[in-house]
Amino acid sequence: MQYKSQAVAKPYFIAAIGLFVGQILFGLIMGLQYVIGDFLFPALPFNIARMVHTNLLIVWLLFGFMGSAYYLIPEETETELYSPKLALALFWIFLIAGALTIVGYLALPYATLAKLTGNDILETMGREFLEQPLITKVGIVIVALGFLFNISMTLLKGRKTSISMVLIVGLWGLAIFFLFSFYNPHNLVKDKFYWWWVVHLWVEGVWELILGALLAYVLIKVTGVDREVIEKWLYVIITLALVTGLIGTGHHYYWIGTPQYWQWWGSIFSALEPLPFFAMTVFAFNMVNRRRREHPNKAAVLWALGTGVMAFLGAGVWGFLHTLAPVNYYTHGSQITAAHGHMAFYGAYVMVVLTFISYAMPILRGRAANSERSQVLEMWSFWLMTIAMVFITLFLTAAGILQVWLQRVSDTPMSFMATQDQISLFFWMREWAGVVFFTGLVLYLVSFFVKGETKGANA
Amino acid sequence: MSGIFTKSMARNIFYGGTVFFFLLLLALTFDTNKTLPKLDNSANLTPQVIAGKKVWETRNCIGCHTLLGEGAYFAPELGNVYKRRGPEFIKAWIQSQPTGAPGRRQMPQFNLTNEELDNLVEFLKYSSEINTANWPPNIEG
């Protein structure tokens, strides 16, 4: 660790991993509810479990992004963090606010939670992924602003690299587009239209900048390839991401009451959205092949390569699968969507955070890389989680194709629930793949506690 | 990439491209907002519909159902449920939950008042009359 203040990243990473475990546990519960409908009912209805599952995902990725930024920025700017104390204070505020929100979801009826937390003052709750109470949303904004202030002040006083500039543009974008979560017009079409300004412009927009910057940073560190080359690639990738992704928002505007020209804009631009992810894969492999050093942290290199491949498959290929309007007419809001959502989030954002943690955590713990034994275990967890996610996606895709056929294409369409019964075999297989994923996650946790001989004090 | 294509060129293309396409998104958004009244059934946004949307949101219906195809995929699409089932069925269904049928997916009992039920039904009626370019493909959603 070159700068003392980088140490504040550590609690962020620990919290991220802890919440990740919670997310997967709730995922397993929901997967079971798909086939045993009354499992844990009425104590934990599906809608509550899902809210916890998705909100935990978002929050732990945010912890991961913030921790990564706190680690990356001092080294890139070659100066200590503006205020490590602020970073630690915000950590506790965010963690406690997040935990209280989850407790609120689990302990109170949602309508009661809404009443208690000021939803009557400004109605923002009850929309997918933006279910957080008003006070939590305000808290997120405060934490984000404090975080951005800290990072921006550090950047202002230090060296300004392309990686840190791209990262900070992405992080500011994240905070700015979140503000649309406070806009909930009565008009359902407008509500949906601007809801995507948070959701789409996050995951298919500014988050890709964060993803690119984190990946580029780790690749510089583990391959020793010239910064000029890597940063040029980074710009090309994020150009492709935003040029396709901004108008690509249109692929959400086919069937929600918006003008039909969006079917053209959305189809054409989102058909190009795999390009940045393809470039990312080529980039990662290229840089590793041209490496000028053998970094002792093999696990981090594996995660970095995996991010490129899985982001391309999940976000690129599985996104393309149902993004053309004539196809989406049949697949919209089916298990195909769920399949894509799972692999895209895992491949792009989960894996990049795990890449960063894999690279940075050993250094935060005073060594360039973990012991051989620990790394072998971590790589096992990589393969188990990644292959399990591939199978989760394949099973959900199979379920989705059947669902679309039985419910929407057939001359004698079945009802939603009758269709769900027909495809339950695939939901069972998805659940078993989920158990394998969880096994991989447990190995991942264990890998942090495996001792053994380590190399070098610093990378 | 060769030496001719420099990093600063790549950076300029990034900032230029981003600004251009963001402005294009804003222009399309502006046009969409102008066109919406013809499509979005906002003429029928009565106080009842607005109250119904709040009932919809504060019970987190989207956590299981889809509405115009967006939401969770655990329970039926409700954008067209008004046309599929009609108002009386919807109210009776909500009031009779949970079914308690062993192994079946269960919907919670929300203890809605008659007024809340009526508002929710009005909201679902309004939703079903939005011009969705003929989505879903059939009445089953």
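Student: Where is the kink in H7(A) centred?

Tutor: The kink in H7(A) is centred on A:Trp202 and amounts to about 60 degrees. A bend at a residue is the angle between axes fitted to the seven residues ending there and the seven starting there. Helices (H or I, at least four residues) and strands (E, at least two) are DSSP runs, numbered from the N terminus. The model is predicted: local features need pLDDT of at least 70, side-chain atom pairs count only at pLDDT 80 or more, and totals for chains, interfaces and linings use all residues. Residues are numbered from 1 along each chain as its sequence is written, and chains are lettered from A and ligands numbered from 1 in the order in which they are written.

Student: What span should H7(A) have, and how far apart are its end C-alpha atoms?

Tutor: Helix H7 of chain A covers residues 188–223, and its 36 residues should span 52 Å at 1.5 Å a residue. Its end C-alpha atoms lie 49 Å apart, which agrees. The expected span of a helix is 1.5 Å times one less than its number of residues.

Student: Is H7(A) enclosed or open?

Tutor: H7(A) is largely enclosed by the rest of the structure, because 33 of its 36 residues are buried. A residue is buried if 20 or more other C-beta atoms lie within 10 Å of its own, exposed if 12 or fewer, and partly exposed in between, with C-beta atoms placed from the backbone.

Student: What follows H7(A)?

Tutor: A:Gly224 follows H7(A), and its phi is positive, near 70 degrees.

Student: Turning to H13(A), where is the kink there?

Tutor: The kink in H13(A) is centred on A:Tyr346 and is about 35 degrees. This helix runs over residues 335–364, and its 30 residues should span 44 Å, while its end C-alpha atoms are 41 Å apart, which agrees. H13(A) is mostly covered, with 28 of its 30 residues buried. A:Gly366 follows H13(A) with a positive phi near 90 degrees.

Student: How many helices and strands does chain A have?

Tutor: Chain A has 16 helices and zero strands. Its radius of gyration is 22 Å, close to the 23 Å that the globule rule gives for 459 residues, so chain A is as compact as a globular protein of that length. The radius of gyration is taken over C-alpha atoms, and the globule rule is 2.2 Å times the number of residues to the power 0.38. Of the 459 residues of chain A, 60% count as buried.

Student: And what is the radius of gyration of chain B?

Tutor: Chain B has 22 Å, whereas a compact globule of 141 residues would have a radius of gyration near 14 Å. Its C-alpha trace spans about 70 × 40 × 30 Å along the principal axes. In chain B, 42% of the 141 residues count as buried.

Student: What pattern does chain B follow along the sequence?

Tutor: The pattern is α-α-β-β-α-α-α, with five helices and two strands. The domain assignment of chain B gives domain 1 (1–39) and domain 2 (43–141), and 38 Å separate their centres, taken over C-alpha atoms. Domain bounds come from an automatic or database domain assignment.

Student: How many residues of chain B are in contact with chain A?

Tutor: 59 residues of chain B are in contact with 64 residues of chain A. Two residues are in contact if their C-beta atoms, placed from the backbone, lie within 7 Å. H1(B) gives the most to the side of chain B that touches chain A, with 14 residues.

Student: Which peptide bonds are cis?

Tutor: In chain A, the bond from A:Phe41 to A:Pro42 is cis, with omega near 5 degrees, and A:Pro42 is found in the loop between H1 and H2. In chain B, the bond from B:Gln97 to B:Pro98 is cis, with omega near -5 degrees. B:Pro98 is in the loop between helix H4 (87–95) and helix H5 (114–128) of chain B.

Student: Is B:Leu68 buried or exposed?

Tutor: B:Leu68 is buried, with 24 other C-beta atoms within 10 Å. B:Leu68 has a positive phi of about 55 degrees although it is not a glycine.
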